[in-house]
Amino acid sequence: FFRTIPGDLGLHFLASAARVLAAVAVAVATAVPAGLALGQFRRLDSVFSPLVAILYPIPKIVLLPVLYVLMGITDLSKILLIALILFFQILVVVADSH
């Protein structure tokens with residue numbers, strides 16, 4: 001299938017897909033335990049829920065220039081940004097459902 005895509009587009013698609021899959025794995029591995037902890041322990045929730053409430057609505061794309069300055073334009077910075085975006089989505093859902 002990817003050989004039928006003209007030029008290097010197939011390789012770029014695979015590289016982007018790998019970044020997204022890595023970011024999803026990082027986000028799930030960090031947000032699910034954190035969300036379960038927030039859902040289980042009221043004291044922990046009362047400490048961190050204001051921080052989550054402040055950070056959750058902020059568009060995470062505004063951190064892109066900061067990440068690029070700190071980490072350079074690398075796959076790691078791209079994966080971290082995607083993981084950060086997903087982290088809050090997963091955290092809020094898991095914490096509220098538990």
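**Exercise 1. Decide whether D75 and R19 are buried, partly exposed or exposed, and find how they are joined.**

D75 is partly exposed, because its relative accessible area is 42%, and the class in between runs from the buried limit of under 20% to the exposed limit of over 50% (1.4 Å probe, protein chains only). R19, with a relative accessible area of 18%, is therefore buried. The model is a predicted one, in which local features need pLDDT of at least 70 and side-chain atom pairs count only at pLDDT 80 or more, while totals for chains, interfaces and linings use all residues. Residues are numbered from 1 along each chain as its sequence is written, and side-chain values use heavy atoms, with hydrogens and water left out.

Next, D75 and R19 form a salt bridge whose closest N and O atoms are 2.7 Å apart; the term requires a side-chain nitrogen of Lys or Arg within 4 Å of a carboxyl oxygen of Asp or Glu. The two partners lie 56 residues apart, D75 in helix α4 and R19 in helix α1, where a helix is a DSSP run of H or I with at least four residues, numbered from the N terminus.

**Exercise 2. Describe how helix α1 passes helix α4.**

Begin with the axes, which are lines fitted to C-alpha atoms over the stretch in contact, with angles from 0 to 180 degrees between N-to-C directions. Those of α1 (residues 9-40) and α4 (residues 75-97) come within 7 Å and cross at roughly 35°. The residues of this contact divide into 21 nonpolar, 3 polar and 3 charged.

Note on methods: Helix = DSSP H or I, 4+ residues; strand = E, 2+ residues; numbered from the N terminus. Left-handed = near helix turned anticlockwise from the far one by under 90°. Nonpolar A, V, L, I, M, F, W, Y, C, P; charged D, E, K, R; others polar.
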